[in-house]
Amino acid sequence: MGIKLYYTTVTASRTVKSQQAEVMRILESKSIQYELIDISVGGELRDEMRSKAGNPSAVPPQLFNEDQYCGVRT
């Protein structure tokens, strides 16, 4: 699958939850298939997301097409 969405199921931030839900809603409304990658299951996934995004302090949601960084909704 080409589109990968890095997200988290563990956050106290309403902003992060809202942004994640909005990205998922947009992808689903356009019938775009995507893979969810939950960074809360391990620090290595968070580090992978940050490395791919080129930002050591990146937070979810982060969107990629394969390994090409597509950005984040802000």
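Modeller: With a helix against a sheet. The model is a predicted one. Helix α1, residues 14-29, lies across β1 (3-7), β2 and β3. Its direction is at about 160 degrees to that of β1.

Colleague: In which order do the strands of the sheet lie?

Modeller: The order is β2-β1-β3-β4, with 4 strands in an open sheet and mixed pairing. Strands β2 (35-38) and β4 are the edges, each pairing on one side only. On average, neighbouring strands here are turned by 30 degrees against each other, direction ignored.

Colleague: How many bridges join β3 to β4, and how do the two strands run?

Modeller: There are 3 bridges, between residues 62-65 of β3 and residues 68-71 of β4, and the two run antiparallel. Asn-65 is opposite Gln-68 of β4, and Phe-64 has Tyr-69 in β4 as its bridge partner.

Colleague: Which residue of that hairpin takes a positive phi?

Modeller: Glu-66, with phi near 60 degrees; the hairpin has 2 residues between its strands.

Colleague: Now the packing. What is the general idea behind looking for a core?

Modeller: Nonpolar side chains tend to be buried together in soluble globular proteins. In this model the largest nonpolar core has 8 residues: Tyr-6, Ile-37, Ile-39, Leu-45, Met-49, Ala-53, Ala-58 and Phe-64. Helix α2, residues 43-53, gives the most to this core, with 3 residues. Another core, of 7 residues, lies apart from it; Leu-5, Tyr-7, Val-23 and Leu-27 are among them.

Colleague: Which residues does Met-49 touch, leaving out those up to four places away in sequence?

Modeller: The contacts of Met-49 are Tyr-6, Ile-39, Ala-58, Val-59, Pro-60, Gln-62 and Phe-64. Of these, Tyr-6, Ile-39, Ala-58 and Phe-64 are listed with Met-49 in the largest core.

Colleague: How far apart are Arg-14 and Gln-62, in sequence and in space?

Modeller: They are 48 residues apart in sequence and 16 Å apart in space, taken from C-alpha to C-alpha.

Definitions and conventions:
Residues numbered from 1 in each chain as written. Predicted model: local features only at pLDDT ≥ 70, side-chain atom pairs only at ≥ 80, totals over all residues. Heavy atoms only, no water. Pairing = 2+ DSSP bridges. Axes fitted to C-alpha atoms, helices over the stretch in contact; angles between N-to-C directions. Contact = heavy atoms within 4.5 Å. Core = buried A, V, L, I, M, F, W, Y, C linked by side-chain atoms within 4.5 Å. Buried < 20%, exposed > 50% of the residue type's maximum accessible area, 1.4 Å probe, protein only.
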